[in-house]
Amino acid sequence: MNDQRDEILTVDEVAAYLKAGKRTVYRLAASGKLPAFKLGGTWRFRRGDLDQWIASRIGKGANEEQEGK
C-alpha cells in the first residue's frame with residue numbers, strides 16, 4: 001500500500017488523476033501551488049504529496065463561501 005504513495009507520476013498522469021487539463025497542471029506546478037519537482041527538465045509528482053494536497057484543499061471553497069469571500 002505504501003508503494004502507491006511513493007509512485008512518481010508524469011504531467012499526463014496527474015492531469016488524468018485530477019481530471020484537469022495539462023496546462024492547468026503545468027501552471028499550478030510552476031507557481032508552486034501543486035507539489036512537484038523537476039527531473040531532467042520535466043515535471044514529476046509524488047502521488048502521496050498530491051493526495052495530501054487534495055485533502056488540504058477539500059472544504060476550502062465552501063469555507064470561503066460561508067465567510068463571504
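Modeller: Contact means that heavy atoms lie within 4.5 Å. In this predicted model, local features need pLDDT of at least 70 and side-chain atom pairs count only at pLDDT 80 or more, while totals for chains, interfaces and linings use all residues. Residues are numbered from 1 along each chain as its sequence is written, and side-chain values use heavy atoms, with hydrogens and water left out.

Biologist: Which residues does Arg-47 touch, not counting residues up to four places away in sequence?

Modeller: Arg-47 touches Gln-4, Arg-5, Glu-7, Leu-9 and Tyr-17. Arg-47 lies in helix α4, where helices (H or I, at least four residues) and strands (E, at least two) are DSSP runs, numbered from the N terminus.

Biologist: Is Arg-47 buried or exposed, and how is that decided?

Modeller: Buried means under 20% relative accessible area, exposed means over 50%, and partly exposed is in between, using a 1.4 Å probe and protein chains only. Arg-47 has a relative accessible area of 15%, so Arg-47 is buried, whereas Lys-19, with a value of 77%, is exposed. Lys-19 lies in the loop between α2 and α3, and the phi of Lys-19 is near 55°, a positive value in a residue other than glycine.

Biologist: How should I read the strands, and in what order do they stand in the sheet?

Modeller: Two strands pair if DSSP finds at least two bridges between them. Here an open sheet of three strands has the order β1-β3-β2, with antiparallel pairing. The edges are β1 (8-9) and β2 (37-39), each with a single partner strand, so one side of each is left without a neighbour in the sheet. Between β1 and β3 (residues 42-46) there are two bridges, and Ile-8 stands opposite Arg-46 in β3.

Biologist: Which residues of α2 are buried, and why do they lie on the same side of α2?

Modeller: An α-helix has 3.6 residues a turn, so residues three or four places apart point the same way. In α2, Val-11, Val-14 and Ala-15 are buried. They cover an arc of only 100° around the axis, which puts them on the same side of α2; the arc is that of the directions from the helix axis to the C-beta atoms. The buried residues of α2 pack against β1, α3, β3 and α4.
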